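Welcome! Please take a look at the sequence and the model below, and then we can walk through one part of the fold together.

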Amino acid sequence: MNNSDDDCAAPTDAAAIATAARVRGRAVRRVFVITLFLNAAVAVAKALYGYASHSLSVGTDSLHSILDASSNVLALFGLHWAAVPADERHPYGRRKIEILAALGIGVLIVIGMFEFAEAAVQSLRGRGAAPEIGAAGFAVVLATMVVNGFVTRYEHRKAHELGSTLLHADAQHTKSDLYASAAVVASFLAVRAGFAWADGVATLVLVVLVSHVAWEVFKENVPILIDAAVLDPAGVIEVARDVPGVRDVHRVRSRGVRHAVELDLHLQVGADMTLTAAHALAREIEAQLRVKFPELSDVVIHIEPAPTPAQGASGKIS
């Protein structure tokens, strides 16, 4: 039995869930818009100072901040596409567009890493321009660290208030930028002390850190493109089995992005249950699943008669 959003949840529950989801979505979007502007400002400040001072470490760190800002953009696109209804040409929506964009950004970051790694090696061999680190450099990097610290705490707080795993993940992403900036400050101190090679060494360290972040982008998004499972089937089965009238649950499958998950499952009910009762049962189960897993965007429930003792397992209708 295939259940649409309008048909599969009890009317009052569906209305309440939809309203809460819209309010929560708007709140999450506001947080991402604010952090996007802050992360973009940090990236621009680092890039400009890195160019003016010839500091490779600052330039590399700016790529880390660009990743932070790009993740905010992707999150906003993802929230937008999740709200766009499916149509005939896109029956499952357009959410994977954000995945393709994320992979594209990851590729660009990797290309940038190779460029900076080569420049760092040339610098260590004495073939690059020595960085000119002044008080402005410390001011820029320390100021960006303050901004990143604020963004991290702000997103953590809002993630807890709104129950958003997306915000929590982005906060962890931004937090990693603090460690990269700390390495830049350390390189500044070493360069000022007369160790010009410190800029190249710090750049290589940052190349490793940012490459790890880029790898996380690929590791997180490639499985989505190949429809890897998103939800733990055991959790779904537990919710469904708690609803009276359910005999068994099997073939639980999920796919999609973290904030828009598509789920389908098979239910076994008594062979004597009427179609009307089975449909009402499916509506109730979907409502409970949407409460437990608010990231669900689509739920398809197949109803099957449970086999009689005489039929055994082979009597199941698929």
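Helix α9 lies across strands β1, β2 and β3, running at about 145 degrees to β3. Helices (H or I, at least four residues) and strands (E, at least two) are DSSP runs numbered from the N terminus, and angles run from 0 to 180 degrees between N-to-C directions, with axes fitted to C-alpha atoms, for helices over the stretch in contact. This is a predicted model, where local features need pLDDT of at least 70, side-chain atom pairs count only at pLDDT 80 or more, and totals for chains, interfaces and linings use all residues. Residues are numbered from 1 along each chain as its sequence is written, and side-chain values use heavy atoms, leaving out hydrogens and water.

The three strands form an open, mixed sheet in the order β1-β2-β3. Strands count as paired if DSSP finds at least two bridges between them; β2 and β3 run parallel and are joined by 9 bridges. Within β2 and β3, Leu263 stands opposite Val299.

Helix α8 also packs on the sheet, touching β1 and β2. Here are the helix directions side by side:

| Pair | Angle |
|---|---|
| α8 and β1 | about 140 degrees |
| α9 and β3 | about 145 degrees |
| α8 and α9 | about 135 degrees |

The axes of α8 and α9 are 9 Å apart. In their contact (heavy atoms within 4.5 Å), Val236, Val239 and Ala240 of α8 meet Ile285, Gln288, Leu289 and Lys292 of α9.

The protein chain averages a pLDDT (the predictor's confidence in each residue, from 0 to 100) of 78.
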